[in-house]
Amino acid sequence: MSSSSSSSLSPFSSRDSSHPLAPYGWDADWEAEFAPYAAQGLVPGRVVRVDRGQCDVITADGAVRADTEFVTPRDPLKVVCTGDWVAVDADGADPRYVQLYLPRRTSFVRSTSSKRSEGQILAANVDHSIIAVSLAAELDLARIERFLALGWESGGQPVVVLTKADLVPDAVTLGHLVEDVETAAPGVQVLPVSATAGDGVDVLAAVVSGGTSVLLGQSGAGKSTLANALAGADIMEVQAIRDVDGKGRHTTTTRNLVLLPGGGVLIDTPGLRGVGLWDAESGVGQVFSEIEELAARCRFHDCAHDAEPGCAVLAAVEDGTLPERRLDSYRKLIRENQRIVAKTDARARAELRRQWRLRGAEGRAAMEAKRGRVR
């Protein structure tokens with residue numbers, strides 16, 4: 001770990017704390033959860049970065065490098081992740097290993113872009129999902145809704161940050177853009193921010209000061225600049241976006257957890273090209289809460305909102321109270337989520353059958369060995 005990274009990860013901040021790890025989110029509940037492992041001589045810490053079979057962990061004595069061999073199972077959802085609270089070997093062990101991680105309170109999970117459509121955990125134990133959307137390009141409300149569904153499903157509170165607000169100098173136009181996003185994000189705070197000018201950064205800093213936030217968005221959304229503004233230092237490399245299409249190159253290649261001077265911690269993530277849903281039914285319902293409420297008034301409880309008589313959702317589209325774009329986006333995300341769940345269930349059944357066959361083979365071998373001994 002570089003000296004600059006180590007200094008940003010120091011547990012001893014200017015903020016008074018009863019425990020050196022409290023600024024990173026350590027509390028009485030985590031302490032109680034960890035008690036059995038403390039009795040074994042293990043040390044608590046929070047993962048700030050994972051790469052190449054090792055991870056950086058912040059402990060009460062500072063940042064340490066530890067091996068992840070024992071916390072890298074085949075299931076990608078169960079591998080150790082940035083934001084996890086872990087049990088590490090005590091100082092003096094060489095090498096030091098992460099022995100386990102504590103059960104996660106929340107986790108931000110997406111579906112990978114591979115044909116297997118496996119789940120991928122991006123951050124653990126998050127309180128806020130900050131969705132960065134650049135105003136340098138045309139708003140893609142459907143993509144924002146997709147991010148929001150995952151954000152709600154994670155268990156944290158989503159926040160939409162409209163970055164590069166300085167590129168929209170007209171206050172009326174900016175207000176309309178904020179309203180458009182608010183329509184696609186019911187119950188979610190939408191903040192226009194210019195990290196370069198400093199506008200809105202203080203408001204966002206106050207929002208995220210009370211816990212752990214994960215910063216998400218596409219490449220070129222201004223995440224690194226925003227992270228630097230929140231941290232009050234150039235902790236992330238920033239590269240200029242292309243004027244041709246408003247897109248940027250990845251400036252963050254791993255997920256990093258950083259302590260914020262105003263309180264709270266931030267997990268920055270690489271730009272996400274694909275944002276596939278992963279068992280996010282409740283998250284989709286939260287994003288489209290007005291459609292779910294309308295659906296409860298449909299004549300048929302299993303109404304598909306297609307051509308059924310007495311459909312309250314279609315009636316709302318016809319009278320203009322529900323934008324047709326919202327219904328189309330809702331249908332698309334529901335169908336996608338159903339496909340992912342079906343694939344996951346099929347894989348689970350296949351794995352169960354494989355285990356049954358394995359156990360059956362082991363049982364038959366044991367019976368044959370027993371018969372051999374009897375003879």
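Asp202 and Ala206 are exposed on one side of helix 5, where exposed means over 50% relative accessible area, buried under 20% and partly exposed in between (1.4 Å probe, protein chains only). Helices (H or I, at least four residues) and strands (E, at least two) are DSSP runs, numbered from the N terminus. The model is predicted: local features need pLDDT of at least 70, side-chain atom pairs count only at pLDDT 80 or more, and totals for chains, interfaces and linings use all residues. Residues are numbered from 1 along each chain as its sequence is written, and side-chain values use heavy atoms, leaving out hydrogens and water.

Helix 5 spans residues 201-208, and its buried residues are Val201, Leu204 and Val208. They fall within an arc of 65 degrees seen down the axis, so they line one face of the helix. The arc is taken from the directions from the helix axis to the C-beta atoms. These buried residues pack against strands 8, 9, 10 and 11 and against helix 6. Contact means heavy atoms within 4.5 Å.

Six strands form an open, mixed sheet in the order 10-9-8-11-13-12. Strands pair if DSSP finds at least two bridges between them. Strand 10 and strand 12 stand at the edges, each with a single partner strand, so one side of each lacks a neighbour in the sheet. Strands 9 and 10 pair in the parallel sense over four bridges. Valine 160 has valine 190 of strand 10 as its bridge partner.

Last, the cysteines. A disulfide is a pair of cysteine sulfur atoms within 2.5 Å; the count is zero. Cysteine 311 has its nearest cysteine sulfur, that of cysteine 303, 3.7 Å away. Cysteine 311 is buried, at 6% relative accessible area.
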